[in-house]
Amino acid sequence: MDSNYYCLSDATKEIRLLDLLPATASGALAARIRRFSLDDTPPYISVSHVWGGEKATSLMHIESGCGNKDVQISRHLESLLIGLLCHTVETLPEIWKNGSRLPMWIDVACINQADMAEKAAQIPLMGRIYSQAAAVIIWINEYDSYLRYAFHYLRHVVRWVPGQQDEHDWLPFDPMGFDAIKRLLDCQWFRRRWVIQEATVPRHAIFLCGADALTMEDLFSGLDIVSRALMARPKELKASKFATIGTFRPLLTLREINKPLKSQRHLKLLWLLENLRLTQTALPCDKIYALLGLCSSEETAGNPIRYDVEPEEVYKTFVVTHAELHQDLEFLALCAPIQRDAICRDKLGHQQYRHFSAPSWVPNWDSNSLCRCLGLSHLSYDEKYFGASGALSLDYSFNANELVVSGVMVDRIQDLGEFVQLERRAEFSDPNSRIFQQYFDFYMTRPIEETPYNDELSRARAFCRTIGLLGVYLSPVPSSDEVPEMFYRWCRGSILGNQLEERGLEYQVSQRDGLKGFMRMKRLLSWQPFITERGYIGLAREQCGVGDEIWIISGCSVPVLLSPMTEDENNREVRGEVLLDGFMFGEITKDPDSPPAVEKVVLA
């Protein structure tokens, strides 16, 4: 929607607001555009919605200080505005004050989307625009019976109070309600990256879907109750209805983002990029820019908005800024070869399939193959699970397309298990399946004298630690000593469990409150089992190779796989994170009598 009908005199300090007016005599939507200094706005509401590409059948009449005109709008914006016209002060009091509708800030209407210079000036203001709004209306454009039931179900569970005779938290669980929430989270709004700051920065947020409304607070409260009900279901209900908390991850992430913002704290851009990697933008550069409103002023300034450069340059700028601001190199864990597959769009959003041309130490945030990072997977913003680099001093430098880091080369891959294939996905749910026998045979049949393990029991424990440490993806995350026990409980009584017991493995099955059952093991599909030259066992990302080096790099909480480059054997290509038994929790620096041999390595 072209906003040139009311030009801003200074796009870095002013915004437009839209007043919704009664329909014209011909029945067309009507509105008035006004210009204000961001330091001196009247009370207003902000709107978060999915633009959509389909055009409305009727034009919208716009009044402004520069004259009146009829403009084309999208069908989504049309349905939003008509929906707001249907609400009174009784049904949606948040958009009214003293009997009049509050003016609105809607990005598609209040920023000239055709003017890249104006966009570059306005986007850094969006955090402030949304934070100053009296409320944000989140418009869910889709509407069907499942969505209506989702709103009904969430309002119901928020009001539900267990009686004294109710002993089980699973009472409010409703299989149809769970399916309805899944349908809600599948709506376009939850897949769009720009909406994250739009929903979390304002003081008050209301989801609006047709005539139904639900506050953000009630959505989160309802989600907590449904999650507890889901986990507390008796076995017969679990057998009759498959359901996991992983379905709620988009909302869980949204809530975690909301917590520090409510206390006036800013989030690291890297954490946001990793946890929101499945959300979408039309332009590759917007994978970065859409999140800057949630970040500190220093991080925003370090990532200047430029639509005249290629995505690789934008992503590289982010990496350099992150390292300098936060003094860590956690982004290296994300740099697996599979995520360098392609850039699917050019800087203007046009379809374009080409190889990602940035250095190997720059993550491709536009890739659909970007995997969750072990070092960043904890939903709680302030917590880290692993600490491989221990007390190693951070030492790095950037030089054009090279990143020089310091670290310790601990081993090389000698053998790879080639049996992990996508078509075997179903086998990962059954500890009696052939694929777990192959894991056992691969890891456990090498002569014990060729390994660092003292006996078969030590190796069996290492097997459980290695396979089980993917339990870091559970929520809440168990401690590192609980995960192997949870894995053992999962496979106990199976062929795999019996083989481990034959090697002396046994755990006192815990009765501690809250110790969960183990997750489905299908996450192993994106990991390749390996054995090192020294006999250690581990897991690496896809496309690793024999001879690849395993490094503990200062500033990175997980080991990283590096591969010598054929054109210059002194340089290394980054191949992503590694899970290596015995090296995940700073063990390399814990012996003061045997300090590790730290060396510099060039990443290209």
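Q: Which residues form one aromatic cluster?
A: The cluster consists of Phe419, Phe428, Phe436, Tyr439, Phe440, Phe442, Tyr443, Phe463, Phe487 and Trp490. The model is predicted, and local features need pLDDT of at least 70, side-chain atom pairs count only at pLDDT 80 or more, while totals for chains, interfaces and linings use all residues. Residues are numbered from 1 along each chain as its sequence is written, and side-chain values use heavy atoms, with hydrogens and water left out. Rings of Phe, Tyr and Trp (its six-membered ring) pair if their centres lie within 6.5 Å, and planes under 30 degrees apart count as stacked, over 60 as edge-to-face and the rest as tilted. The count by this rule is 28 aromatic pairs.

Q: Why is the pair of Tyr289 and Tyr307 called edge-to-face?
A: The ring centres of Tyr289 and Tyr307 are 5.5 Å apart and the planes stand at 80°, so the pair is edge-to-face. Tyr289 is in helix α12 (residues 286–289) and Tyr307 in the loop between α13 (297–301) and α14, so the pair links distant parts of the chain, 18 residues apart. Helices here are DSSP runs (H or I, at least four residues), as are strands (E, at least two), and both are numbered from the N terminus. Tyr289 and Tyr307 are each buried, a word that stands for under 20% relative accessible area, with exposed meaning over 50% and partly exposed in between (1.4 Å probe, protein chains only).

Q: What is the geometry of the aromatic pair that Phe428 and Tyr439 form?
A: Phe428 and Tyr439 pair at 6.4 Å centre to centre with 70° between the planes, which makes the pair edge-to-face. Phe428 lies in the loop between β15 and α15, and Tyr439 lies in helix α15, so the pair ties together parts that are 11 residues apart in sequence.

Q: Why do Phe428 and Tyr439 count as buried?
A: The relative accessible area of Phe428 is 0%, so Phe428 is buried. Tyr439 likewise has 0% relative accessibility and therefore counts as buried.

Q: Why is helix α15 (residues 434–444) described as largely enclosed by the rest of the structure?
A: Of the 11 residues of helix α15, nine are buried, so the helix is largely enclosed by the rest of the structure. These buried residues are Ile435, Phe436, Gln437, Gln438, Tyr439, Phe440, Phe442, Tyr443 and Met444. With contact defined as heavy atoms within 4.5 Å, what covers them includes β15 (402–416), α16 (456–468), α17 (482–491), α18, β16 (527–532) and β17 (537–541).

Q: What makes the meeting of Asp328 and Lys268 a salt bridge?
A: A salt bridge is a side-chain nitrogen of Lys or Arg within 4 Å of a carboxyl oxygen of Asp or Glu. The N to O distance for Asp328 and Lys268 is 3.8 Å, so their side chains meet in a salt bridge. Asp328 lies in the loop between α14 (311–326) and β12 (343–345), and Lys268 in the loop between α10 (249–262) and α11 (269–275), so the pair ties together parts that are 60 residues apart in sequence. Asp328 counts as buried because its relative accessibility is 7%, whereas Lys268, at 26%, counts as partly exposed.

Q: Where do Lys600 and Asp395 lie?
A: The side chains of Lys600 and Asp395 meet in a salt bridge at 3.4 Å, N to O. Lys600 lies in strand β21 (residues 599–603) and Asp395 in the loop between β13 (351–354) and β14 (396–399), so the pair ties together parts that are 205 residues apart in sequence. Lys600 counts as exposed because its relative accessibility is 53%, while Asp395, at 33%, counts as partly exposed.

Q: Which residues are linked with Arg575 in a network of salt bridges?
A: Arg340, Asp548, Glu573 and Arg575 are linked in such a network, and within it the side chains of Arg575 and Glu573 meet at 3.9 Å, N to O. Arg575 has 16% relative accessibility and therefore counts as buried, whereas Glu573, with a relative accessible area of 22%, is partly exposed.

Q: What sets Ala400 apart in its phi value?
A: Phi of Ala400 is near 55°, a positive value in a residue other than glycine. Ala400 is found in the loop between β14 and β15, and its relative accessibility of 58% is why Ala400 counts as exposed.
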